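Here's a quick briefing to read alongside the sequence and the 3D view. Have both open as you go through the points.

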Amino acid sequence: MIKTVGGYWDPIIWIIAFIVIFILAYMIRAIGKKEYRKGEQIKPFLSGMEEPSKEAVHIRASNLYWGFVEALKSYYETMKKMHTGIINDYVAWFVGITAIIFIAVFIVGII
Amino acid sequence: MLGELLFKTVIASIGITIFAVIFGLLFKGIDRKLVARMQMRVGPPIRQPFLDVIKLMSKETIVPENAVGWMYNLAPIICLASSIILLLYIPIGNFEPLLGGHGDIILVIYIFLIPALAMVAGGFASGSPFATVGAQREMITMMSYEFPLAVVIIAIVWKLSNIGGDIFSLQFISSHPIWEEVGLLGLIGGIILLLALVIVTPGEVAKIPFDVAEAETEIAHGLLVEYSGRNLALFYIADAVKMFAMASLVVALFFPYNLSDFIKLDEIVAYIADFLFFLFKVFLVMLFSISLVRAGMARLRITQVVSVYWITITLIALFGLVLLMWDNQYSIKWW
């Protein structure tokens, strides 16, 4: 049993339960029909269109989270603007944030 | 001692598999019938999901030429197994969770991710552009609803930390209903958190309006487009079981009351009555968080799913959490 400050779990018991249920799920699957005809039907379904080349339909890693980035566009735009690549800017951020933490922890904290 | 624990785990796993498959499919049938009636259709009979599984089992299980075979075939089994294992950690009626002492609510939240991840893996392994887009959408949906879900869970656990004990244990949470630990502000906070969880539920089980990963009319069932026969049957059962497990979790967190708490009953009669009452509560949760929403709404776009969960629902859940915190400071009794 692994216990932390917050919670607990027993990985061994979890794995045993998972293996038993996995075998049962496999047995359920084994009831089904195994055979299939290897003709036209093994080609990917593309609503009747000709399959483009693999490169053409490959989703790049940069597009993987498109919906997420698009929905939070304004946030990402702001963050991009802040990341100028100039070391002076990063040092200025570092000094500024350190000052805020200093004020929050030491000055306001003492009061 | 160890042998006894192993024996108990094996028997519990077998028992819960039978229970999960039967009741998952039964409730899926009820959901389909209800949605049909709400839309003025006759709808399929309640036993239809069982017939669907039998039919799928007799169909060809096609493995597409572009697919990564082993992953493509493995994903549905992992999806079903991880959906079923959830019920081992969630209390059912008056029965304590079968493995409640061996895993807490954080574990349950993590296990909820596995079926979705298995579907993503299966989608990518299909080698189909539609499935790839579906898998990509499933990942984004998953990233979206996890945040408000975590806020709801943490808020409840934090509130219960006032009374001390095994606060992360679902057994503990369900034996200390949040409504009995709060004042007026906490009551409003609790209702807001419940609302947030009710909106997270259709996202967690990929139902309308959050079923962007399987959008039939748009990407031809998305990550399941290439699946057929017994593999599709397993995903179908897993979907039903996950829906039942999610509703059971909502019941355990917010409506853990049993009939035997209010009416004096004999031990065996109490177990039966509480079990039937539990099924009724699961039915109500499914009715309000899945069936009604599914019948009355259209599918959102993927960007809307993200903004709804990350901005609207997260803010609502955080407001509920703040109300619970204020409840500690200004305790105003509501009863």
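B:Pro209 sits in the loop between helix H7 (184-204) and helix H8 (216-219) of chain B; helices here are DSSP runs of H or I with at least four residues, strands are E runs of at least two, and both are numbered from the N terminus. This is a predicted model, where local features need pLDDT of at least 70, side-chain atom pairs count only at pLDDT 80 or more, and totals for chains, interfaces and linings use all residues. Residues are numbered from 1 along each chain as its sequence is written, chains are lettered from A and ligands numbered from 1 in the order in which they are written, and side-chain values use heavy atoms, leaving out hydrogens and water.

**The loop between H7 and H8 of chain B**

- The peptide bond joining B:Ile208 and B:Pro209 is cis, with omega at about 10°.
- B:Ala206 lies in the loop between H7 and H8 too, and its phi is positive, near 50°, in a residue other than glycine.
- Most residues other than glycine have a negative phi, and most peptide bonds are trans.
- B:Ala206 is buried, with a relative accessible area of 16%; buried means under 20%, exposed over 50%, and partly exposed in between, using a 1.4 Å probe and protein chains only.

- What does B:Met297 touch, not counting residues up to four places away in sequence? The partners are B:Ile208 and B:Pro209, where contact means heavy atoms within 4.5 Å.
- B:Met297 belongs to the loop between helix H10 (267-296) and helix H11 (302-329) of chain B.
- With a relative accessible area of 42%, B:Met297 is partly exposed.
- B:Met297 and B:Ile173 are 124 residues apart along the chain, and 33 Å separate their C-alpha atoms.

- B:Ser13 has its place in helix H1 (residues 2-38) of chain B.
- Is B:Ser13 buried or exposed? It's buried, at a relative accessible area of 0%.
- Leaving out residues up to four places away in sequence, B:Ser13 touches A:Ala17, A:Val20, A:Ile21 and A:Leu24, along with B:Leu88.
- B:Met40 is in the loop between H1 and H2 of chain B, and it has a positive phi of about 60° although it isn't a glycine.
- B:Met40 counts as exposed, at 78% relative accessibility.
- B:Arg47 is found in the loop between H1 and helix H2 (48-57) of chain B, and counts as exposed at 53% relative accessibility.
- From B:Arg47 to B:Leu74 the distance is 28 Å, C-alpha to C-alpha, and they are 27 residues apart in sequence.

**A helix pair in chain B**

- Helix H4 (residues 105-125) and helix H5 (residues 129-160) of chain B pack at an angle of about 175°, with axes 9 Å apart; axes are lines fitted to C-alpha atoms over the stretch in contact, and angles run from 0 to 180 degrees between N-to-C directions.

**Chain B as a whole**

- Chain B has 11 helices and zero strands.
- The radius of gyration of chain B is 20 Å, close to the 20 Å that the globule rule gives for 335 residues, so chain B is as compact as a globular protein of that length. That radius is taken over C-alpha atoms, and the rule is 2.2 Å times the number of residues to the power 0.38.
- Buried residues make up 60% of the 335 residues in chain B.

**Chain A as a whole**

- Chain A has six helices and two strands, running β-β-α-α-α-α-α-α from the N terminus.
- At 27 Å, the radius of gyration of chain A is well over the 13 Å that the globule rule gives for 111 residues, so chain A is more spread out than a compact globule.
- The C-alpha trace of chain A spans about 75 × 50 × 20 Å along its principal axes.
- Of the 111 residues in chain A, 20% are buried.
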